[in-house]
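User: I have a model open and would like to talk it through with you. Could you take a look?

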Amino acid sequence: MFTTRLAEMEGRLVKNIRKAMIRNALRMERAAKRNATGFPKVVTGRLRNSIMGSVVRFQEDEYLILRAGGLTAPNRPFSESADVVYAAIQEFGGGTQRIKPKFYLKRARDKVIPTFNADIDEAFNKALLGKDF
């Protein structure tokens, strides 16, 4: 009985934490897109469209990733080059024109981290109570 309940709780905990991670990846993506809309100023929208928040599994671990500059179209295969080459320069600064850093991704991450931490706590507590997140 105890081992069955423990196994159920473990499965629910993993599911709840994954849901919390996905929710916060989307929050970070939304915040980063807002940041990239105003500063740096939007000209074509390619930088904003390249921003993506996701949860990926690598080996046995799951990671929340917020990135920009990759594929701009969700249906494009990775072999097609659709990179936004200036994404890193806009984020970190530099280049030949000495562009100042905008930190549109970092600002989004920093804004969402407190909510993310609270969601992880809630996911854990709900799993202990046998509830879904």
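What follows is a short exchange about the fold, the strands and a few residues.

Analyst: Gladly, and please keep in mind throughout that this is a predicted model.

User: Ok, how many helices and strands does the protein have, and in what order do the elements run?

Analyst: The protein has 4 helices and 2 strands, and, read from the N terminus, its elements follow the order α-α-β-β-α-α. The radius of gyration is 18 Å, well over the 14 Å that the globule rule gives for 133 residues, so the protein is more spread out than a compact globule.

User: And what does the C-alpha trace span along the principal axes?

Analyst: The C-alpha trace spans about 65 × 35 × 20 Å along those axes. As for burial, 29% of the 133 residues in the protein are buried.

User: Switching to the strands: which way do β1 and β2 run, and how many bridges join them?

Analyst: Strand β1, residues 52-58, and strand β2, residues 61-67, run antiparallel and are joined by 7 bridges; G53, for instance, has L66 in β2 as its bridge partner.

User: What about the turn, how many residues sit between β1 and β2?

Analyst: There are 2 residues between the strands, which form a hairpin, and Q59 in the turn has a positive phi of about 55°.

User: Is S54 buried or exposed?

Analyst: S54, which is found in strand β1, has a relative accessibility of 19%, and because buried means under 20%, S54 counts as buried.

User: Which residues does S54 touch, then?

Analyst: Leaving aside residues up to four places away in sequence, S54 touches A25, Y63, L64 and I65.

User: Now G11, where is that one found?

Analyst: G11 is found in helix α1, which covers residues 2-38, and at 41% relative accessibility G11 counts as partly exposed. G11 and A127 are 116 residues apart in sequence, while their C-alpha atoms are 8.7 Å apart in space.

User: What share of the contacts comes from residues 24 or more positions apart?

Analyst: Among the contacts in the protein with a separation of 6 or more, residues 24 or more positions apart account for 56%.

User: Last topic, surface and charges: how much accessible surface is there, and how far apart are the mean positions of the charges?

Analyst: The accessible surface of the protein comes to about 9000 Å², with 57% of that belonging to carbon and sulfur atoms.

Notes. Residues numbered from 1 in each chain as written. Predicted model: local features only at pLDDT ≥ 70, side-chain atom pairs only at ≥ 80, totals over all residues. Heavy atoms only, no water. Pairing = 2+ DSSP bridges. Rg over C-alpha atoms; globule rule 2.2 N^0.38 Å. Buried < 20%, exposed > 50% of the residue type's maximum accessible area, 1.4 Å probe, protein only. Contact = heavy atoms within 4.5 Å. Areas by Shrake-Rupley, 256 points an atom, 1.4 Å probe, with all protein chains shown as cover.
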